[in-house]
Amino acid sequence: MELRVLNYFLAIAREENFTRAAEQLHITQPTLSRQIADLEQELGVKLFTRSNHNIVLTEDGMILKRRAQEILSLADKTKRDFLHKDENLEGVISIGCGEFLSTRYLTDCIAEFRKKYPLVRYEFYSGNASNVRDYIERGLLDIGLMVEPIDLRKYDFVSMPVKEQWGALVQLDSPLAEKDFIAPQDLLGIPLISTSGEFTESSVGKWFGEYAGQVNIIAKGNLLYNEAMMAQSNIGAVIGIKLNCNYEGLRFIPLLPTLEIDTALAWKKEQIFSSATSAFIEFSKKYLKSISYDNL
């Protein structure tokens with residue numbers, strides 16, 4: 001029984017689909033099917049019940065899933081114990097990230113990690129939550145900084161030590177700029193620029209409550225900088241989260257009732273990572289958990 005095959009098995013159990021699992025593992029579906037058939041033959045049990053739409057673990061499959069997770073976790077820990085003694089650790093870590101205040105804690109974490117492993121390099125991809133999640137699913141990113149809640153079936157994660165606050169970016173000559181807070185009814189009749197996605201199902205849509213059907217969304221975007229440019233051109237007011245940025249001629253005003261979200265640094269479960277990525281994940285878990293809200 002090889003560790004590689006156990007990882008294949010866990011990928012199928014996670015995705016509940018051979019095709020998606022094969023894509024994640026970067027192997028062909030026939031190869032994956034053959035490996036699992038060999039594993040079933042070796043163990044003398046059936047691991048999956050197959051249907052037209054998905055696959056389900058058998059009772060024996062569920063037993064193997066628990067054992068496989070323990071075996072791979074021990075193997076990974078053993079590898080990390082040796083990796084952390086290697087000052088010459090090299091590699092590239094690919095990270096997806098939205099625009100958040102919590103990004104600063106991620107970059108601070110990288111700065112501390114670099115003191116220990118200066119030869120490691122980084123590739124950053126900026127996008128919204130769906131972009132980052134899609135790139136992780138396709139194997140193009142190792143780690144992603146994204147909005148909670150996180151899908152616990154697929155991801156392990158560590159929460160970031162800061163909350164993201166929603167508000168409105170308005171022009172300084174707008175009557176709204178004189179307010180300390182903005183309520184849902186204050187935004188009725190005003191052209192609004194919102195984040196991409198289904199508005200009514202979003203946290204902002206729910207914040208509007210009974211007024212959601214009266215909101216005039218005239219544009220959407222996935223990067224606040226571009227949305228702020230539209231606000232500067234007097235196209236509308238932007239609904240977004242507060243960032244450590246200043247935009248000339250605009251003022252950020254918090255929403256009332258207060259609307260806040262949490263973010264987390266996440267990665268796929270049972271994924272085989274490079275030595276550099278594995279070391280960074282372990283480092284980031286300890287680093288970020290050591291920071292409390294009280295110290296911010």
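Among contacts in the protein chain (heavy atoms within 4.5 Å) between residues at least 6 apart in sequence, 74% join residues at least 24 apart. The model is predicted: local features need pLDDT of at least 70, side-chain atom pairs count only at pLDDT 80 or more, and totals for chains, interfaces and linings use all residues. Residues are numbered from 1 along each chain as its sequence is written, and side-chain values use heavy atoms, with hydrogens and water left out.

**Overall form**
- The C-alpha trace of the protein chain spans about 75 × 50 × 30 Å along its principal axes.
- Of the 296 residues in the protein chain, 43% are buried (under 20% relative accessible area, with exposed over 50% and partly exposed in between, 1.4 Å probe, protein chains only).

**Aromatic pairs**
- The count comes to eight aromatic pairs, where rings of Phe, Tyr and Trp (its six-membered ring) pair if their centres lie within 6.5 Å, and planes under 30 degrees apart count as stacked, over 60 as edge-to-face and the rest as tilted.
- Phenylalanine 9 and phenylalanine 48 form a tilted pair, 5.5 Å centre to centre with 45° between the planes.
- Phenylalanine 9 lies in helix α1 (residues 3-15) and phenylalanine 48 in strand β1 (residues 48-50), so this pair ties together parts that are 39 residues apart in sequence; helices (H or I, at least four residues) and strands (E, at least two) are DSSP runs, numbered from the N terminus.
- Both phenylalanine 9 and phenylalanine 48 are buried.
- Phenylalanine 283 and tyrosine 287 form a stacked pair, 6.3 Å centre to centre with 10° between the planes.
- Ring pairs link Phe113, Tyr117, Phe280, Phe283 and Tyr287 into a cluster.
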